[in-house]
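Please open the model in your viewer and keep the sequence panel beside it. The tour below goes from one selection to the next and says what is found at each stop.

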Amino acid sequence: MSDDPLQSAAPSGTARSTFTLEDRGFLEVPKKWRKYYRHWEGDGDSLAPNEIVCPVCKVVIRSRREIRAGDRLYCMPCMSRLLVVDDGTGSLALEVVY
Amino acid sequence: MTDDNFDPHELHPDDFLKEVHSFEFWFQSVDGYLSDRPYGRLEASNDIRIEGAAREALITTLCNYCVGETAALEGASGMIAIAPNRHSKIFLATQVADEARHLEVFLHRLGELGVADAEAEIARRANPNLVRFKHRLLELVGTADWAGALFAQNVILETMEAIAFDAHAQVADPITAQILDGVVKDERRHLGFGENDLGRLLQDDPDARVRLGAIRQELDALVLAAFDGALADAGSVRGDRPTLGRDYLATIDRLGLV
């Protein structure tokens with residue numbers, strides 16, 4: 001992974017929360033990857049610290065770790081490589097990495 | 001990648017791209033949400049009777065969906081020959097299968113609505129803007145313009161189809177909604193392939209933005225008009241319809257084609 005610029009960009013610092021992922025009924029990727037994604041459930045839904053919405057296809061991407069700026073994530077349903085960034089308001093956002 | 005606990009976000013970027021472009025990835029994905037849905041619908045579902053103006057509007061909408069899917073079917077199959085690498089060729093082969101399925105399920109739904117001669121009905125009800133778009137897309141494919149064809153089909157057409165189908169599914173009868181829900185799941189791959197592959201292409205050839213900007217000026221209004229009209233026919237509430245343009249423009253903005 002040492003040649004992966006997005007991995008090396010991830011900041012070091014305080015320990016992160018970790019999460020045990022369970023399948024949330026997302027069927028659009030092969031079974032072994034399904035627990036890493038879920039659908040946004042509309043009003044009343046909220047994102048956990050290990051979740052973020054893909055800007056391309058609007059699927060919720062899930063990680064085993066609390067998501068922080070500098071992380072690299074993949075959206076398999078729409079084939080997007082993504083970089084977590086601080087959006088300037090204290091929230092996290094995703095930029096598509098082509 | 002046989003370990004079920006292997007985190008996909010840990011994949012090397014090259015391995016990620018190889019995985020999501022693969023026929024195996026496609027096969028296992030569609031198996032998850034289509035294997036129990038012949039013609040895109042659950043077998044146990046009961047249809048409701050659709051009559052009068054609502055039936056006419058749904059037939060017109062489905063006929064235009066068939067025009068769009070036929071354009072994508074012919075476009076994607078032609079693009080295999082001009083795709084610049086094997087990953088793209090394999091992915092486009094899966095897209096061809098998806099587009100053929102979409103056309104089939106919409107034709108089947110037209111049959112359930114009592115349309116005896118779907119070909120004639122599609123010809124009669126086709127939106128001229130969408131027909132013009134199809135001709136222009138196939139011209140781009142025919143002249144081996146990979147960037148132009150990819151932009152027209154997998155960005156303009158697929159993005160607007162995905163948004164329109166999703167909005168229609170919110171107000172459709174239960175059977176049509178199930179069919180559209182399955183199609184939208186496929187469209188996520190198609191529009192994602194378009195944006196990401198084109199994004200990589202534009203990094204290597206930034207001058208292509210000027211030419212793609214001209215294609216955008218020519219074509220996106222045609223598709224926007226066609227699908228906005230289809231959503232109106234389908235009964236989507238006006239307040240939801242600006243999403244069609246907003247989400248499409250977000251994609252254009254990310255690609256730097258504004």
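The bend at a residue is the angle between axes fitted to the seven residues ending there and the seven starting there. Helices (H or I, at least four residues) and strands (E, at least two) are DSSP runs, numbered from the N terminus. This is a predicted model, in which local features need pLDDT of at least 70 and side-chain atom pairs count only at pLDDT 80 or more, while totals for chains, interfaces and linings use all residues. Residues are numbered from 1 along each chain as its sequence is written, and chains are lettered from A and ligands numbered from 1 in the order in which they are written.

**Stop 1: chain B as a whole**

Select chain B, whose secondary structure comes to 10 helices and zero strands. Its radius of gyration, taken over C-alpha atoms, is 18 Å, close to the 18 Å given for 258 residues by the globule rule (2.2 Å times the number of residues to the power 0.38), so chain B is as compact as a globular protein of that length. The C-alpha trace of chain B spans about 55 × 45 × 35 Å along its principal axes. Of the 258 residues of chain B, 42% count as buried, where buried means that 20 or more other C-beta atoms lie within 10 Å of the residue's own, exposed means 12 or fewer, and partly exposed is in between, with C-beta atoms placed from the backbone.

**Stop 2: helix H9 of chain B**

Now select residues 208–234 of chain B, which form helix H9. These 27 residues reach 37 Å from the first C-alpha to the last, close to the 39 Å expected at 1.5 Å a residue, the expected span being 1.5 Å times one less than the number of residues. Centre the view on Arg216(B), where H9(B) has a kink of about 35 degrees. Among the buried residues of H9(B) are Leu212(B), Ile215(B), Asp220(B) and Val223(B).

**Stop 3**

Next pick Phe151(B), which is found in helix H7 (residues 146–171) of chain B. Phe151(B) is buried, with 31 other C-beta atoms within 10 Å. Leaving aside residues up to four places away in sequence, Phe151(B) touches Ile156(B), Leu198(B), Leu212(B) and Ile215(B), a contact being two residues whose C-beta atoms, placed from the backbone, lie within 7 Å. Phe151(B) and Asp220(B) are 69 residues apart in sequence, and their C-alpha atoms are 10 Å apart in space.

Then show Val223(B), one of the residues with the most contacts inside the largest nonpolar core, which has 86 residues. Such a core is a set of buried Ala, Val, Leu, Ile, Met, Phe, Trp, Tyr and Cys residues joined through C-beta atoms within 7 Å. The largest share of this core, 13 residues, comes from H7(B).

**Stop 4: where the chains meet**

Show both chains: 26 residues of chain B are in contact with 25 residues of chain A. On the side of chain B that touches chain A, H8(B) gives the most, with 11 residues.

**Stop 5: two positive phi angles**

Which residue has a positive phi of about 70 degrees although it is not a glycine? Select Met79(A) to see this residue, which lies in the loop between strand S4 (72–75) and strand S5 (80–86) of chain A. Met79(A) counts as buried, with 26 C-beta neighbours inside 10 Å. Finish at Ala144(B), another residue other than glycine with a positive phi, here near 60 degrees. Ala144(B) is exposed, with 12 other C-beta atoms within 10 Å.
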